Amino acid sequence: MEVTNVTNATRVFKIGEVETKALRGVSLSIEDSEFTALVGPSGSGKTTLLQLIGLLDQPTMGSVSINGTNATHLNRNQRADLRRNAIGFVFQFFALIPTLTAYENIEMPLLLNGMKAADRKQRVNEMLEAVGLSDRAHHRPDQLSGGQQQRVAVARALATNPKLILADEPTANLDTENGKQIMDIMQRLNQETGVTFVFATHDPRVIGYAKRVVTLQDGLITNDSKTNGES
Amino acid sequence: MYQTFKLAFRNIGRNKTRSLLSALAVAIGMALLLLMAAVLEGEMRGSMQNSIKLQSGHLQIHAASYDENKISLKWEDLIEQPEQVIEKLKSLPQVTVATPRLVASAILTMGDESKGVQILGIDPASEANQPFRNGMIDGQFIEADDREGVLVGQTLADKLGLKVNDNINLLMTTSNGDVDEQLFAVRGIYSTHIPSYDENTVFMPLAKAQAFTATENHASTIFVMLQNQEQANPVAQALTSSNLKVLTWRDQNALITQFEDFAGVFMIMFYLVVLGITATVVTNTLVMAVFERTREIGILAAIGMKGRGIMAQFLAEAALLATGGVIGGLLIGGALVAYFTIYGIYIGDYGVTGLLFEDHIYAHLTLENTITLTIVTYIITLIASLYPARLAARLEPVEALHGLGA
């Protein structure tokens with residue numbers, strides 16, 4: 001089943017009189033349970049493509065659909081609803097709310113979903129256990145290491161049980177050991193739960209985990225290949 | 001809702017100094033407004049109560065042709081046999097005090113100094129004169145049969161250097177238009193703490209005033225106090241006749257009411273200025289918070305929080321700042337008002353014709369003013385937060401996340 005489909009997407013940024021074409025007509029289909037890497041040099045358009053798939057931005061031309069729903073003409077609130085129900089995000093800079101504990105950060109999307117307190121508690125504890133941070137539940141981000149913060153971010157992304165997790169350079173700010181831990185967790189969750197992962201990276205060690213590698217250059221997909229994804 | 005306020009509470013705690021200063025701005029603004037409202041209320045209330053107590057009473061009964069601005073002593077403008085009217089008044093259950101008074105203009109001379117004054121011929125035994133009796137600071141209160149004694153106010157005594165037992169000369173026009181003068185002795189000096197009143201009013205026994213002005217058993221007015229000032233209108237209607245006119249305390253103190261209305265408009269402008277400054281501080285604080293937390297707004301948007309949820313977050317922070325500010329304002333303002341209720345603010349001789357301002361203004365904070373100002377401050381603070389809240393809510397997620405390198 002197709003989780004997301006990008007059709008002939010173009011994204012043009014205009015700063016003053018200068019136009020920059022970040023994407024020049026990209027088409028991409030991601031199937032359920034894929035573990036896909038978007039790779040390419042800086043400025044190749046991989047982050048822009050992730051933002052379009054994540055409905056954080058809209059294409060200048062072309063369309064994006066999530067779980068069969070064409071998001072092109074959705075308004076802000078409808079896109080927020082779709083993001084909340086179908087997509088999880090992991091960002092390069094951990095992106096946790098600094099005033100909330102690890103537990104509360106993971107709980108936030110569940111609160112937005114209106115989940116009951118008892119169910120929330122169970123789900124948050126499951127996710128904390130899944131990323132090995134049960135003993136850090138009540139620590140705030142500044143009391144956690146970078147690796148631990150990114151594990152919390154992964155747990156938060158997965159909390160609402162979305163079909164699709166988008167990760168932008170998830171290991172870029174981690175040392176080798178923590179980067180490996182994050183990728184191992186993401187790979188394990190992909191295998192155990194079937195959740196689809198799409199991550200942007202240019203780290204060869206991370207690319208090695210991918211089962212599919214989509215290469216971008218100058219806003220175009222230049223290569224799309226399957227791999228064994230064994231790391 | 002609980003989660004929104006929990007997060008808002010923690011966000012406020014992130015920059016404690018800034019939050020404290022913002023809440024303090026709200027608190028000081030509100031305290032200032034409470035104090036101003038209380039001072040104005042105290043001033044107006046004091047002026048009205050003083051006027052009723054010393055000058056207008058709850059009712060004044062005059063002859064139909066009497067013009068209180070001209071102080072006529074012609075017999076046809078005065079009440080003949082005021083005792084008969086007073087007997088009738090005393091039969092009314094609402095009436096607690098009714099006493100005749102004769103009002104006349106005079107020139108007081110002592111040595112080379114002279115001063116225009118108002119002579120008030122009073123029945124010294126009447127309860128209506130208790131405020132003057134209580135205000136005696138030197139000498140003795142006048143007696144009904146005293147033929148040479150007068151009371152002068154402290155301000156007049158100070159200006160002319162008068163002491164008890166000093167002699168003064170009073171020059172008056174009598175009821176038939178003649179001019180007469182006589183030497184009087186200062187029996188005592190009183191103070192009402194209203195400099196304009198104490199400077200211009202000289203008391204003498206009614207009988208002597210009638211004899212001096214040749215008004216013989218006539219009175220300018222009958223001063224009436226009722227059990228309750230709200231009884232003034234029905235009692236006035238019951239007493240009005242073809243040869244008598246009855247003025248209520250409202251009729252006689254229209255200037256105070258007008259002054260109160262004017263002061264009310266001034267206060268609204270003052271509210272707007274103070275609350276405008278307060279609102280600017282709150283807006284500034286929250287706009288800074290929006291810029292500081294742009295990434296977090298992006299994160300919240302990315303995980304599915306809608307614009308109204310983000311807006312609610314900032315409104316909740318404003319509500320908490322407003323709550324802290326209002327509580328602080330009530331405490332600071334309450335303390336200031338309590339101090340000035342007890343000790344007052346010295347304003348000296350604030351002479352405005354027709355208004356009896358004491359030399360001190362005593363603050364008087366009403367529950368109505370407190371509730372109104374609390375609600376207005378709260379609402380203005382929330383309105384001040386609308387702009388930053390909308391600013392946050394309208395951020396595009398991708399723009400908000402830009403700093404994350406997303």
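Tutor: Start with a definition. A residue is buried if 20 or more other C-beta atoms lie within 10 Å of its own, exposed if 12 or fewer, and partly exposed in between. Keep in mind that this model is predicted.

Student: Let me try one residue. Is B:Ser126 buried, exposed or partly exposed, and why?

Tutor: Count the neighbours. B:Ser126 has 19 C-beta neighbours inside 10 Å, so it counts as partly exposed. The cut-off for buried is 20 or more.

Student: Where in chain B does B:Ser126 sit?

Tutor: Look in a loop. B:Ser126 lies between strand E4 (113-122) and helix H4 (130-134) of chain B.

Student: Which residues does B:Ser126 touch, leaving out those up to four places away in sequence?

Tutor: With those left out, B:Ser126 touches B:Val97 and B:Thr99. B:Ser126 and B:Met204 are 78 residues apart in sequence. From C-alpha to C-alpha, B:Ser126 and B:Met204 are 13 Å apart in space.

Student: Now strands. How do I read a sheet?

Tutor: Begin with the general idea. Strands of a sheet pair through backbone hydrogen bonds, either parallel or antiparallel. Now take chain A. Four of its strands form an open sheet, in the order E2-E1-E4-E5. The pairing there is antiparallel.

Student: Which strands are the edge strands of that sheet?

Tutor: In chain A they are strand E2 (18-31) and strand E5 (69-70). Each of these pairs on one side only.

Student: How many bridges join E4(A) to E5(A)?

Tutor: Two bridges join strand E4 (residues 61-66) of chain A to E5(A), and the two strands run antiparallel. For one facing pair, find A:Ile66, which stands opposite A:Thr69 in E5(A).

Student: Which helix lies across strands E1, E2 and E4 of chain A?

Tutor: That is helix H1 (residues 46-53) of chain A. This helix runs at about 120° to E1(A).

Student: Move to chain B. How many residues of strand E6 are buried?

Tutor: Strand E6 (residues 149-153) of chain B has five of its five residues buried. Read its faces separately. B:Gly149, B:Leu151 and B:Gly153 are buried on one side. B:Val150 and B:Val152 are buried on the other.

Student: In what sense does E6(B) pair with E8(B), parallel or antiparallel?

Tutor: E6(B) and strand E8 (residues 179-190) of chain B pair in the parallel sense, over five bridges. B:Val150 has B:Val186 as its bridge partner in E8(B).

Student: And how does E6(B) run relative to E9(B), parallel or antiparallel?

Tutor: E6(B) and strand E9 (residues 201-205) of chain B run antiparallel, joined by two bridges. B:Leu151 stands opposite B:Phe203 in E9(B). B:Val152 stands opposite B:Val202 in E9(B).

Student: What else pairs with E9(B), and over how many bridges?

Tutor: E4(B) pairs with E9(B) in the parallel sense, over five bridges. There, B:Ile122 has B:Pro205 as its bridge partner. E9(B) is mostly covered, with five of its five residues buried.

Student: Next, helices. How do I describe two that pack together?

Tutor: Two packed helices are described by the angle between their axes and the distance between the axes.

Student: How do H1(B) and H12(B) cross?

Tutor: The axes of H1(B) and helix H12 (residues 307-343) of chain B come within 8 Å and cross at roughly 65°. This crossing of H1(B) and H12(B) is right-handed. The residues that meet include B:Phe5 and B:Phe9 in H1(B) and B:Leu320 and B:Leu321 in H12(B). By class, the contact has nine nonpolar, three polar and one charged residues.

Student: Last, how many residues does each chain bring to the contact between chains?

Tutor: Chain A brings 22 residues and chain B brings 20 residues. On chain B, helix H1 (2-14), helix H11 (294-302) and helix H14 (397-400) each supply at least two residues. H1(B) gives the largest share of that side, five residues. The chain B side divides into eleven nonpolar, five polar and four charged residues.

Note on methods:
Residues are numbered from 1 along each chain as its sequence is written. Chains are lettered from A and ligands numbered from 1 in the order in which they are written. This is a predicted model: local features need pLDDT of at least 70, side-chain atom pairs count only at pLDDT 80 or more; totals for chains, interfaces and linings use all residues. Two strands pair if DSSP finds at least two bridges between them. Two residues are in contact if their C-beta atoms, placed from the backbone, lie within 7 Å. Axes are lines fitted to C-alpha atoms, for helices over the stretch in contact, and angles run from 0 to 180 degrees between N-to-C directions. Ala, Val, Leu, Ile, Met, Phe, Trp, Tyr, Cys and Pro count as nonpolar, Asp, Glu, Lys and Arg as charged, and the others, Gly among them, as polar. A crossing is left-handed if the near helix is turned anticlockwise from the far one by less than a right angle, and right-handed if clockwise.
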